[in-house]
Amino acid sequence: MNILIFGPNGSGKGTQGAIVQKKYNVPHIETGVIFRENISKGTDLGTKAKEFINKGELVPDDITIPMILNRLKEDDCKEGWLLDGFPRNLAQAEAMYEALQKENMPLDYVIEIELDRDTSKKRIMGRRLCVNDNNHPNNIYIDAIKPAEKDGEFVCRVCGGALTTRSDDQDEAAIDKRHGIYYDTETGTMAGVNYFKERVTVIGVDGLPGVKEVSEDLLKKLG
Ligand code: AMP
């Protein structure tokens, strides 16, 4: 099962992606996570990517496109994959679609989580990351996934672990830049979404309700 998931930063794409990943038992490949792992390991790729990520800009296509297309050829992707954070612009969407056709790889589902720009921004600024598990959702502005409190501090609502923020999540200018890229229908991510809409069925899901409602809607549409 090969699945692409789109959604602006802050739409709950990561949370819903984890649910879809469990349903189909395929690896959840998140471009941003691959970059952050490389940054924390201090690899060459990480060093190159960091300067763009911290400014809220896309890492250049000549680094990102081969990195992802190669990742999908690894052993754990033999039974499928869930790709999150790629394609992020029209050029990546075209490269992805062409690579799939060339490799004769089917695209089973394309999911789009729809959310307006203001709500997405607020959600990003409230996001907290669990140090134990990237897939434990915590957000100080969303009641359904509000962190627990211990000794006056927020802790992970799932495991009680410490919480951190991503450095690029608290920088409003960087968020605006990222959203500028996402909502851009000329060459940005929405241009990529529209490119897929012209070629395959895209499953649209309203990202405004709570996590549970959104996942119920999504799972129903996936059938
Ligand atoms: P994310 O965790 O998806 O919000 O990604 C964090 C950052 O990684 C983005 O703001 C970009 O700088 C970079 N990034 C993630 N995915 C891509 C991509 N497909 N192409 C270029 N840069 C990306």
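Guide: Domain bounds come from an automatic or database domain assignment, and the model to which they are applied here is a predicted one.

Visitor: How far apart do the C-alpha centres of domain 1 and domain 2 lie?
Guide: The assignment for the protein chain gives domain 1 as 2-123 + 171-222, in two pieces, and domain 2 as 127-164. Between the C-alpha centres of domain 1 and domain 2, the distance is 23 Å.

Visitor: In which order do the three strands of the open sheet stand?
Guide: Strand β5, residues 127-130, is joined by two bridges to β6, residues 138-139, and these strands run antiparallel. Two bridges also join β5 to β9, residues 163-164, again with the strands running antiparallel. The edge strands, each pairing on one side only, are β6 and β9. The order of the open sheet is therefore β6-β5-β9.

Visitor: Do the strands β4 and β10 run parallel or antiparallel?
Guide: Strand β4, residues 109-114, is joined by four bridges to strand β1, residues 2-6, and these run parallel; in that pairing, Phe6 has Glu112 of β4 as its bridge partner. On β10, residues 202-206, Val202 stands opposite Val110. Five bridges join β4 to β10, and these strands run parallel.

Visitor: Which helix gives the largest share of the shell around the ligand?
Guide: The ligand is surrounded by 16 residues, and the closest are Glu57, Val59, Gly85, Arg88 and Gln92. By class, the shell has five nonpolar, six polar and five charged residues. The largest share, four residues, comes from the helix that spans residues 31-41, which is α2.

Visitor: Which residue has a polar side-chain atom 2.9 Å from a nitrogen atom of the ligand?
Guide: A polar contact is a pair of N or O atoms within 3.5 Å, and several pairs can be looked at in turn. A polar side-chain atom of Arg36 lies 3.0 Å from an oxygen atom of the ligand, and a backbone N or O atom of Val59 lies 3.0 Å from a nitrogen atom of the ligand. At 2.9 Å from a ligand nitrogen atom, the polar side-chain atom belongs to Gln92.

Visitor: What percentage of the ligand's accessible area does the protein cover?
Guide: On its own, the ligand has 480 Å² of accessible area. Of this area, the part that the protein covers is 96%.

Visitor: What value is the phi of Asn25 near?
Guide: Most residues other than glycine have a negative phi. Asn25, which is found in the loop between α1, residues 13-24, and β2, residues 28-30, has a positive phi although Asn25 is a residue other than glycine. That phi is near 55 degrees.

Key:
Residues are numbered from 1 along each chain as its sequence is written. This is a predicted model: local features need pLDDT of at least 70, side-chain atom pairs count only at pLDDT 80 or more; totals for chains, interfaces and linings use all residues. Side-chain values use heavy atoms; hydrogens and water are left out. A residue is near a molecule or strand if one of its heavy atoms lies within 4 Å of it. A polar contact is a pair of N or O atoms within 3.5 Å; within protein, one must be able to donate a hydrogen and the other to accept it, and residues adjacent in sequence count only if both atoms are side-chain atoms. Accessible areas come from the Shrake-Rupley method with a 1.4 Å probe; for residues, only the protein chains shown count as cover. Ala, Val, Leu, Ile, Met, Phe, Trp, Tyr, Cys and Pro count as nonpolar, Asp, Glu, Lys and Arg as charged, and the others, Gly among them, as polar.
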